[in-house]
Amino acid sequence: MDFKKIIIVIVIFLIFFLGILYFLKQDSSSQVKESLTPEEQMAMERISPLGTGEGFWEEAISPFREDRTKPYLELLDDLKSGKINFVWEVWALRRKCKAGYTPEQCNATIIAYIEAEYESPDKEKVKDLFLSYFRYEEEYRKWEQPTDLSFVELYEKIKSKRRDVLGDKADLIFGMEESQVSFLEGTQNFIKQSANLPAEQRVKQFEDLKRKTYGTYYDSLVSREDKFDHYQMEMSLRDKEFNAITDPKEKEKYLNRIEIKYFGKERAANLAEERAKESKFQESLVKYEAKEKEFLRENVNLSASEKEKKLKEIRIQFLGSEEEADAYIRRKNIEEAGK
């Protein structure tokens, strides 16, 4: 697995968590982009300026959508553990505002909702959290971002700005996002520095890095991550060891062990069966193509229609069915058209 591809996937995934990192900075976005790496620019192109990108809302688990509103202390615990991402929740609530509302009217509606749903003293504490965040947005709009910094340097400036405006609340609102960005940087460094470690040690140290960097957010973040992404990352960390195995049976055992870890025995067995079918098909393909060359070499005087009729029979014989034979021709035609 190509490490660069892994990093690009991680960057794109993590940038979504930035929420309003470049909120209302459209007039200077081209200058900002110049300071980003190609991978970071790819990620930036996936960001909606107001943080309203699709995908957030299915994930959001707003405390205001349940049968009861969460008490303030429970809300704090959820923010500290990463169960709730505050920025996602703000925008989930904003989606409920009427289309014609100004940002100020929408914010006022959210505050009115909190007023109606909470009782003192939780009401004042929850309101203060939202009002502080709204104030941060206003300050962010006015802030002239430096345009000559790398992504990492710029993000450090943003973190500092958050704490200037929000104080300790910055950790509650942005702590999870910031741990993920730290993990992104740590992952890039780890992959370079650990290239020569034994595979088992490398995988363990990577997980230790993840647990240490995510801190209290670890369980919540890992529970939301895709198992296949975890599997791909581990296999990329084991790439050197895996590629050094020359015995196909041993290679399959190695894969199966890792797949059971992530997908369970049944799914791992299905994946092994699919690989076996694909391997068998590829063997049949090699045999057919060898037979095709032999046939064409020995039957140069046959007409084109006679050749094709006989080749189709050979394809069905070697590939197993007329459907597979036809699919082979379609693939070959697409390959030829692409040259």
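## Salt bridges in a predicted model

A search of the whole structure, which is a predicted model, finds 25 salt bridges. The exercises below examine some of them.

**Exercise 1.** Determine how the side chains of Lys159 and Glu156 meet, and where the two residues lie.

*Solution.* Begin with the distance: N and O are 3.4 Å apart, and the pair forms a salt bridge, since the cut-off is 4 Å. Next, locate the residues: both belong to helix H9 (residues 151-166), and because they are three residues apart, about one helical turn separates them. Finally, consider accessibility. Lys159 has a relative accessible area of 18% and is buried, the limit being under 20%. Glu156, at 44%, is partly exposed.

**Exercise 2.** Describe the salt bridge that Lys277 forms with Glu273.

*Solution.* The closest N and O atoms of Lys277 and Glu273 are 3.7 Å apart. Both residues lie in helix H15 (residues 248-298), four residues apart, and are therefore separated by about one helical turn. Lys277 is partly exposed, with a relative accessible area of 48%; Glu273 is also partly exposed, at 42%.

**Exercise 3.** Identify which residues are linked with Arg238 in a network of salt bridges.

*Solution.* The network links Arg238 with Glu200, Glu234, Glu241, Arg257 and Lys261.

Notes: Residues numbered from 1 in each chain as written. Predicted model: local features only at pLDDT ≥ 70, side-chain atom pairs only at ≥ 80, totals over all residues. Heavy atoms only, no water. Buried < 20%, exposed > 50% of the residue type's maximum accessible area, 1.4 Å probe, protein only.
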